[in-house]
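I open this notebook to record what I looked up in one structure. The entries follow in the order in which I made them.

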Amino acid sequence: MEEETTSKTGSAGRNNGLVVAMCLSFVIGMSAMCAAAVPLYRIFCQVTGFNGTTQRVDQASSVILDKSIKVSFDANVAPGVPWDFKPMQKEVDPKIGETIEVKFLVENKSDQPTHGQAIFNVSPVEAGAYFNKVQCFCFNETDLAPGEKREMPVVFYVDPEITKAEETKTITALTLSYTFYPRDGAKPVASNDGAAKVAEKKL
């Protein structure tokens, strides 16, 4: 009887250990998936233009339409970023497909070196997949010395394909928004923030 009880106790202990091991494996697996989710989501947004995320391209457009589109600019800083940040032009009216450069002005108002990363998006969000950036300060982390003031360029064009999709062909104005968030000096990343259905049609 005593041997049977001991056997049952040992079996229960092994089962409990197995359950604990499975739970730990699940937690570790979920943690790994969460860690991978952020960069994967960022890549997804960059490829599809989801949630108003603009596109990063290596060259200017070869097609320019005889039709203009108004692009307005919005600049913000999150709590913890002691900067003055603003566009040097409130809006521009480029032709669709025309590559242009605009500049933003940023100034560190503190007496300490600070680091920031710009997150961006376009509204209406359906247009994100057609807003192409050739060059942008938002591709990398921005480091400012105490009191430093800097002009930062953005080179972009609006893809002529925007005039063909049902969801975007009537759009006549866009807003490009930036918000700087504090960074601790980590390696730079492209944001990097367009609906998935629009992007699928584009692709």
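I looked first for disulfides, a disulfide being a pair of cysteine sulfur atoms within 2.5 Å. Cys136 and Cys138 form one, with their sulfur atoms 2.3 Å apart. By this rule I count 1 disulfide. The torsion about the S-S bond of Cys136 and Cys138 is about 130 degrees, so the disulfide is right-handed.

I noted that the model is predicted: local features need pLDDT of at least 70, side-chain atom pairs count only at pLDDT 80 or more, and totals for chains, interfaces and linings use all residues. Residues are numbered from 1 along each chain as its sequence is written, and side-chain values use heavy atoms, with hydrogens and water left out.

I then checked burial (buried means under 20% relative accessible area, exposed over 50%, partly exposed in between, with a 1.4 Å probe and protein chains only). Cys136 and Cys138 are both buried. Of the chain's 203 residues, 36% count as buried.

Next I listed helices (H or I, at least four residues) and strands (E, at least two), which are DSSP runs numbered from the N terminus. The chain has 2 helices and 10 strands.

I turned last to pairing, for which DSSP must find at least two bridges between two strands. An open sheet of 5 strands runs in the order β4-β2-β10-β6-β8, with mixed pairing. β4 (91-92) and β8 (142-144) stand at the edges with a single partner strand each, so one side of each is left without a neighbour in the sheet. Strands β6 (residues 114-123) and β10 (residues 173-182) pair in the antiparallel sense over 8 bridges. I also noted that Ala118 stands opposite Phe180 in β10.
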